[in-house]
Structure formats: C-alpha cells, structure tokens
Amino acid sequence: MHIRETDVDERLDLLENVENGEIFLYDGKVNMNRFQNKTVAKILQNAETRHALIIFSESVPSRSAKRIATRIGKTIERFEREIEIDIFFEVPRELFDLIRTECTTNC
C-alpha cells in the first residue's frame, strides 16, 4: 500500500489523468465505516484498479481523513492488492461540488 498526500499543483493533473483508477469523494455526510466499506468493495471488484484518489471536503478534519485512508489501504493490503492511494485534504466546498458533478457525468 502506498498512501501519498498530494499538493495543490498535482490535483488537477491527477484528476485529469486517472488511469486504471477510481475517484472517491467523502464529505462527511455518510457514515465513515460505510464509506470505507463501499470504497474497499469497489476497488476489489475491479481487478484493474491500481490507483485511487480519495478526496475529502473541508468539512472533514485531516486527522479523520488520514485515518479513513489508512484503514482503506490496510484492508486492501490484506487482499494482497497493490494500489496507490492519493488523498486530497480540505478541498473547498465549491471545488468539491465541481468534482462531484464532473465524476457523475464523465466517470
């Protein structure tokens, strides 16, 4: 498992060039465990997934976001899957909504 915090300059490039990857959005409105389970299940269902972008809105504290990403990574690791996870913290509400819109129409 490889979890990496991305910086602002990488964000747009990563979002535009997700190959063999999935994008997951968490705004804190659903249960944390449910989000983790759903994310892990989706990654494990697609054998070609090698990269995951997990994007947390600014309403989710960084500490909680790191804990969620780590749990997801460790669960996937138990299934002996190699995956790279990039995490974005504290994404502003308007950008988060724009990403959600793009994902629902283009992903």
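## What counts as a core here

A nonpolar core is a set of buried Ala, Val, Leu, Ile, Met, Phe, Trp, Tyr and Cys residues joined through side-chain atoms within 4.5 Å. Keep that in mind as you look around this model, which is predicted.

The largest nonpolar core has 18 residues, and the members that touch the most others are Phe 35, Ile 54, Phe 56, Ile 72, Ile 85 and Ile 87. Strands E2 (21-26), E3 (51-57) and E4 (84-91), together with helices H2 and H3 (62-78), are the elements that give two or more residues to this core. H3 supplies the largest share, with five residues. Apart from this core lies another one of nine residues, and among them are Ile 23, Leu 53, Phe 96 and Ile 99.

## The overall layout

Stepping back, the protein has four helices and four strands. Along the sequence they follow the pattern β-α-β-α-β-α-β-α.

Of the 107 residues, 38% are buried. The protein exposes about 6,700 Å², and carbon and sulfur atoms supply 46% of that area. Now for the contacts between residues with a separation of 6 or more: 84% of them join residues 24 or more positions apart.

Let's visit E3 next. Which of its residues are buried? Seven of the seven are, so the strand is largely enclosed by the rest of the structure.

In a regular strand the side chains alternate between the two faces of the sheet. In E3, one side carries His 51, Leu 53, Ile 55 and Ser 57, while Ala 52, Ile 54 and Phe 56 are on the other, and all of these are buried, so both faces are covered. Two of these residues have already come up: Leu 53 belongs to the core of nine residues, whereas Phe 56 is in the core of 18.

E3 pairs with two strands. Six bridges join E2 to E3, and these two run parallel. One of the pairings puts Tyr 26 with its bridge partner Phe 56 in E3. E2 is itself mostly covered, with five of its six residues buried.

E3 and E4 also pair in the parallel sense, again over six bridges. Here Ser 57 stands opposite Val 91 in E4. Together, E3, H3 and E4 make a right-handed β-α-β unit.

## An aromatic cluster

How many aromatic pairs does a search of the whole structure find? The search finds three. A pair of aromatic rings is described by the distance of the centres and the angle of the planes.

Take Tyr 26 and Phe 35: their ring centres are 4.7 Å apart and their planes meet at 40°, so the pair is tilted.

Phe 56 and Phe 89 form a stacked pair, with 6.2 Å from centre to centre and 15° between the planes. Phe 56 lies in strand E3 and Phe 89 in strand E4, so this pair ties together parts that are 33 residues apart in sequence. Both Phe 56 and Phe 89 are buried. The four residues Tyr 26, Phe 35, Phe 56 and Phe 89 form one aromatic cluster.

One more stop is Gln 36, found in helix H2 (residues 32-45). Is its side of the story buried or exposed? Gln 36 is buried because its relative accessible area is 9%, and the cut-off is under 20%.

What does Gln 36 touch, not counting residues up to four places away in sequence? Its contacts are Ile 68, Arg 71 and Ile 72. Of these, Ile 72 is also one of the core residues that touch the most other members.

Technical notes. Residues are numbered from 1 along each chain as its sequence is written. This is a predicted model: local features need pLDDT of at least 70, side-chain atom pairs count only at pLDDT 80 or more; totals for chains, interfaces and linings use all residues. Side-chain values use heavy atoms; hydrogens and water are left out. Buried means under 20% relative accessible area, exposed over 50%, partly exposed in between (1.4 Å probe, protein chains only). Contact means heavy atoms within 4.5 Å. Accessible areas come from the Shrake-Rupley method with a 1.4 Å probe; for residues, only the protein chains shown count as cover. Two strands pair if DSSP finds at least two bridges between them. Rings of Phe, Tyr and Trp (its six-membered ring) pair if their centres lie within 6.5 Å; planes under 30 degrees apart count as stacked, over 60 as edge-to-face and the rest as tilted. A crossover is right-handed if, with the strands pointing away from the viewer, the path from the first strand over the helix to the second runs clockwise.
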